[in-house]
Every structure is written in structure tokens, then in C-alpha cells.
Amino acid sequence: MAASPAILSRRAAGSSCCRLWCGVTRPLVHIRSARATEPGARKRDEEHLWEAASDAAGYLPFSRASMGSFFQGQPVLKNPFLEDALLRGYLKRHLPQEAVWFDLNAFGERVAKEIDIWGRECELNLPRLVHFDPWGQRVDHIVTSAAWKRLKDLSAQEGLVAIGYEKSFGEWSRVYQMSKLYIFSPSSGLYTCPLAMTDGAAKVIQSTGVSLPVEEAYGRLISRQPERFWTSGQWMTERQGGSDVGTGMETVAVHQTDGSYKLHGFKWFTSATDADMTLTLARVQDKSGSTTPGSRGLSLFYAEVSRGEDGRLRGIEV
């Protein structure tokens, strides 16, 4: 807001009003509001006086803070494995194998020097949904950053899912895996979400028996090869929301002649929507079109998330 220039003044005892810089070799701190001089207008005496005093002192009165050139330093992330005494103390008692310590230390260095930057890029460049291409065709592309894609490759290379299934350290393999995810999580840009969905899907398949048609998918979920590695979604919740999927499930599954099922429904919350596959719930229709209500009528289905040659999702709209 424009205002007239103002100069602080004080009243000395037994004297008339005197401006602050009277008799001082350099101007003391004073307040002057900024205002652009209107074209054709003459500067006031106070403005000439203020500028002259600034020129004589060789600096603008408010060009820096009185505390000097202090700035808060940027936090520096160090190796999160070496910095976590509690984690190392626990592993020293329960999992002291040299291979584990070597890998976690190397991974910690990678988190501090490389992965943390990727995670920050993911947070600054959030995913976005493109419904249509420039020609008006429905494509439903979920556009993610390059860093998000690098984190997928990294997850395969570092075995962030695979470690729990390779069982290299027996019953302690899961502790090893969780330790690595614990180090990764704060710098992951939330990539631990699709990894959790992927690990959960792999565990469900393993628990129910690895057989066709999910054998190939299972191998991809636990792969260490970036070009082969898949992530999985878990698509359960519908419009009603909440965890009570038994009463809120409207999706139906219609049996096909080839033995597969075609699902018809609306999933409100699809964890890891950009995944390569998903596990999802539906109610199987009988020949009369009826379904069984409640949790008793729910069935779990495996579905691949793929695109045709035209770039459109097969059977899915986002």
C-alpha cells in the first residue's frame, strides 16, 4: 500500500525535535516506506535526504539483517542404516550375518546419495491422469515421473520384495526385507505403497498355491530383473467405502466359455492403479443371474492390467 515517506524522530531533553542521524557519522536504522515517484512529480526533501545518507554510507539500510548473513543450513541425509543405532542393535542380536550388514550398509549409502533425490522428485511431480489423447480417443494414461519408474527398477534390483521369498536367511529373511524397506521408506516418494500391494499379492498367491494362470505373475512379482518385475494392485473398496467389503461389494463376475470370468463393477479405491496386475473381489453370478450376499458370496480374482495396440486399457476405464 502506498504511503508517504516516514522518518523516525526523537525529542532530546531541552531541545527541539531532531532527526535520528543528526551528528552521527553514519545513519542509524530508520524506517522509510517504499513508493514509486509518479511521473512528473518532484521528490520530497525527505526522499533526497534519505538517498543522500544511503549513498554516503555505501549501503542501503535494509539490504541485510542485523544478525549478518546467517542462513539456516539444509539438512544433510546420512546413511540411514549407520545412523540408526536401534536397528543395528537389534540386527546385531538376531541377524549378525555379514552379507546382510554389507547389503544394508551399501543400500543406506544409495538411499542417502541417490534414492532420496528420486523420492523428492516423485513428491514434486505427482501422478496425473490423462483421459483422452489429442484426437479425442479415451486412453486413461496415468502419467508418472521418470523418478517413479526408476524406483520400480530399483525395487527389483535391490530385492525389496524378492528377499522375503528367496528365504536366503531362513526365518529371518522377512526381518532382513523389512529392515531394508524401513531404511527405504522415508526417501521412497511413497513407492512403498505399490511394493506393499505387490508383496501382499505374492503372499496370497503363494498361500493359495502357485498354479496356472498365476504362475507367471507370481514369478514376476518376486523377480529381481527390472525388465521382468511386476507390481500388483489390490482393488477391493467400492463407493460405499470402508473395510466391510462383505456388505459393500456390488461387482459381479460372469463366467465365460473359456473358463475365465468377466467382471462388471466400479472400484472406488484401487491401490497402485498403475500396476501391471491386480487382485480384486467380485460376486459370481449363477445361471439365473443371482449372487450370494455377504462375505460368503465373495470371490478373489486375478486380472492383468494391459493395453491394446491402440494404447487403450483392455476392459478398464480409470
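**Core, pockets and salt bridges of the predicted model**

Met 197 is located in helix H7, helices (H or I, at least four residues) and strands (E, at least two) being DSSP runs numbered from the N terminus. The structure is a predicted model, in which local features need pLDDT of at least 70 and side-chain atom pairs count only at pLDDT 80 or more, whereas totals for chains, interfaces and linings use all residues. Residues are numbered from 1 along each chain as its sequence is written, and side-chain values use heavy atoms, with hydrogens and water left out.

With a relative accessible area of 17%, Met 197 is buried; buried means under 20% relative accessible area, exposed over 50%, and partly exposed in between (1.4 Å probe, protein chains only). Not counting residues up to four places away in sequence, Met 197 touches Ser 232, Gly 233, Gln 234, Ser 271 and Ala 272, a contact meaning heavy atoms within 4.5 Å. Met 197 and Ala 272 are 75 residues apart along the chain, yet their C-alpha atoms are separated by 7.3 Å.

The protein chain as a whole has nine helices and 10 strands. Of its 318 residues, 34% count as buried. Among contacts between residues at least 6 apart in sequence, 62% join residues at least 24 apart.

The largest nonpolar core has 37 residues, of which Leu 151, Phe 184 and Leu 195 touch the most other members. Such a core is a set of buried Ala, Val, Leu, Ile, Met, Phe, Trp, Tyr and Cys residues joined through side-chain atoms within 4.5 Å. At least two residues of this core come from each of helix H2 (85–94), helix H3 (98–124), helix H4 (146–157), helix H5 (163–166), helix H6 (173–184), helix H7 (192–208), helix H8 (215–221) and strand E9 (277–284). Helix H3 gives the most, with seven residues. Residues up to four places away in sequence aside, Leu 151 is in contact with Ile 115, Trp 118, Cys 122, Phe 184, Ser 188 and Tyr 191.

On a 1 Å grid over the protein atoms alone, a pocket is an open set of points with protein on both sides within 12 Å along at least five of seven lines, a cavity is a set of points where a 1.4 Å probe fits but cannot get out, and lining residues have an atom within 4 Å of a point. Grid points are joined across faces, edges and corners, and a volume is the space filled by probe spheres set on the points. The lining of the second largest pocket has nine nonpolar, five polar and one charged residues, where Ala, Val, Leu, Ile, Met, Phe, Trp, Tyr, Cys and Pro count as nonpolar, Asp, Glu, Lys and Arg as charged, and the others, Gly among them, as polar.

One cavity of 30 Å³ or more was found. About 40 Å³ of space lies in the largest cavity, whose lining consists of Met 236, Thr 237, Glu 238, Gln 240, Gly 241, Gly 242, Asp 244, Val 245, Gly 248 and Met 249. By class, three of these lining residues are nonpolar, five polar and two charged.

Side chains of opposite charge can pair when their charged atoms come close. The whole structure contains 15 salt bridges, each defined as a side-chain nitrogen of Lys or Arg within 4 Å of a carboxyl oxygen of Asp or Glu. Lys 113 is bridged to Glu 109, with the closest N and O atoms 3.3 Å apart. These two residues are four residues apart in helix H3 and are therefore separated by about one helical turn. Lys 113 is exposed at 63% relative accessibility, whereas Glu 109 is partly exposed at 29%.

Arg 110 forms a salt bridge with Glu 114, at 2.9 Å between the closest N and O atoms. Both residues lie in helix H3, again four residues or about one turn of the helix apart. Arg 110 and Glu 114 also belong to a network of salt bridges that links them with Asp 103, Glu 158 and Lys 180. A further salt bridge joins the side chains of Glu 121 and Arg 150 (3.1 Å, N to O). This pair links distant parts of the chain, with Glu 121 in helix H3 and Arg 150 in helix H4, 29 residues apart. Glu 121 is partly exposed at 30% relative accessibility, and Arg 150 is partly exposed at 31%.
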